[in-house]
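Here are my notes for you, written as numbered points. Have the model open while you read, and start with the side-chain pair in the first point.

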Amino acid sequence: MAAILQEEAIQATNDDATSCKLAAVSLGYWEDPYVSYFIRSPTRKPPEINRGYYARVKGVESLINKFIKKVGNNCQIINLGAGFDTLFWRLQDTGHSVANFIELDFPAVTSKKCICIQKNKNLFNRLKAGEDAAAGCTGADLHGTGYHLLGVDLQSVDRLLEKLDQCGVQDGLPTLLLAECVLVYMRGEEVHRLLSCLARRFRAALFVSYEQVNMNDRFGDMMLTNLRARSCHLPSVAACRDLDSQRQRFLQAGWDGAKAWDMVEVYHSLTSSERRRIERLEFLDEQELLMQLLQHYCIAVAWKSDLFADVSIAD
Ligand SMILES: C[S@@+](CC[C@H](N)C(=O)[O-])C[C@H]1O[C@@H](n2cnc3c(N)ncnc32)[C@H](O)[C@@H]1O
């Protein structure tokens with residue numbers, strides 16, 4: 001019973017993330033014409049939350065762009081715990097149609113995403129799947145040409161690898177793996193198994209992870225208490241102690257190298273004109289609160305193959 005409640009609470013974090021993204025998009029922080037298909041109306045969020053999401057979306061986006069610039073479109077992107085993320089459609093808008101794009105989440109989440117995609121032509125028609133996609137939708141999974149949405153618990157690594165095989169994932173193709181606020185909800189030993197399997201599986205890969213960091217202070221305690229009050233526990237919070245623990249998790253799992261930046265650094269890596277633009281969108285009374293928030297999240301990257309060893313958050 002407790003495990004079911006915990007799983008539901010974890011899945012609900014996707015609703016929070018989607019709601020925060022829609023709130024920021026509605027105020028003009030960044031453009032995403034697709035997010036509103038997954039959640040009805042925006043709920044106002046405090047300016048520091050909107051700015052934090054902006055830094056997260058732009059930081060991750062800049063690493064994705066660098067990856068594609070390096071390897072071209074003949075690559076695969078695997079989004080672990082993708083929730084209602086709209087990257088597949090946003091990338092197409094920028095002229096990038098990668099060879100294979102795979103999204104994974106719990107079946108309870110992917111089945112809702114399947115319904116939204118099937119209901120909205122602007123999403124569905126872009127899968128280039130026509131009738132095949134309708135036939136291939138089994139409730140929790142949806143298969144298009146070069147797009148696969150798969151319902152699976154990431155802690156069942158064997159099942160996950162089986163599903164990736166079924167979608168034509170190739171070991172030799174450059175691969176971008178994404179996990180935004182996902183690994184922290186899994187048990188440490190399961191994360192290790194997952195990261196180790198992925199490190200063995202791909203010859204040239206870049207892993208981009210966004211999650212909590214510097215959690216061993218009072219602000220971190222407060223974040224944990226707030227999450228616990230919503231029945232949401234963070235079994236892998238030990239890996240979020242500092243930037244080094246974030247890196248070590250990958251190195252211990254067999255990745256060739258790893259780097260991590262806290263979100264203060266990511267925020268300051270944005271161009272000054274972009275920062276000025278978003279800072280004019282809303283008045284922020286509590287700069288201190290924004291800085292505290294940014295200090296408690298980070299982007300970590302890990303790579304297989306020296307091709308990605310020079311990856312950097314700065315331009
Ligand atoms: C905070 S949400 C983030 C969603 C998306 N990555 C984003 O940035 O908007 C975390 C997501 O990870 C998924 N997740 C967490 N643990 C998982 C697991 N063991 N297997 C599959 N999905 C998982 C949740 O269901 C949820 O959709």
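**Notes on the model**

1. A polar contact of 3.1 Å links the side chains of D310 and K70. Bear in mind that this is a predicted model. D310 sits in the segment after strand 8, and it counts as exposed because its relative accessible area is 54%, where the cut-off is over 50%. Setting aside residues up to four places away in sequence, D310 touches K70 and K259.

2. Now the ligand. Which residues are closest to the ligand? They are K21, R56, G81, D105 and L154, out of 21 residues that surround it. Helix 1 supplies the largest share of that shell, with 6 residues. Sorted by class, the shell holds 10 nonpolar, 6 polar and 5 charged residues.

3. The side chain of R56 has an N or O atom 2.6 Å from a ligand oxygen. On the nitrogen side, a backbone N or O atom of G81 lies 2.8 Å from a nitrogen atom of the ligand, and a polar backbone atom of F106 is 3.5 Å from a ligand nitrogen. As for cover, the ligand taken alone exposes 590 Å², and the protein buries 98% of that.

4. V182 is buried, because its relative accessible area is 10%, and the cut-off is under 20%. From the C-alpha of V182 to that of Q295 the separation is 18 Å, for two residues 113 places apart along the chain.

5. Is D32 buried or exposed? It is in a loop, the one between helix 1 (2-26) and helix 2 (47-71), yet D32 counts as buried, at 8% relative accessibility. Its side chain has polar partners: the side chain of T86 at 2.6 Å, and the backbone nitrogen of V35, which lies 3.1 Å from a polar atom of the D32 side chain.

6. N50 belongs to helix 2. With a relative accessible area of 0%, N50 is buried. Its contacts, leaving out neighbours within four places in sequence, are C20, A23, A24, L27, Y29, K45 and E282.

7. Last, helix 13 (residues 287-295), whose buried residues are L290, L293 and L294. Looking down the axis of helix 13, these buried residues fall within an arc of 95°, so they line one face of the helix. What do the buried residues of helix 13 pack against? Their partners are helix 2, helix 9 (218-229), strand 7 (257-262), helix 11 (263-269) and strand 8 (297-304).

Definitions and conventions: Residues are numbered from 1 along each chain as its sequence is written. This is a predicted model: local features need pLDDT of at least 70, side-chain atom pairs count only at pLDDT 80 or more; totals for chains, interfaces and linings use all residues. Side-chain values use heavy atoms; hydrogens and water are left out. Helices (H or I, at least four residues) and strands (E, at least two) are DSSP runs, numbered from the N terminus. Buried means under 20% relative accessible area, exposed over 50%, partly exposed in between (1.4 Å probe, protein chains only). A polar contact is a pair of N or O atoms within 3.5 Å; within protein, one must be able to donate a hydrogen and the other to accept it, and residues adjacent in sequence count only if both atoms are side-chain atoms. The arc is that of the directions from the helix axis to the C-beta atoms. Contact means heavy atoms within 4.5 Å. A residue is near a molecule or strand if one of its heavy atoms lies within 4 Å of it. Accessible areas come from the Shrake-Rupley method with a 1.4 Å probe; for residues, only the protein chains shown count as cover. Ala, Val, Leu, Ile, Met, Phe, Trp, Tyr, Cys and Pro count as nonpolar, Asp, Glu, Lys and Arg as charged, and the others, Gly among them, as polar.
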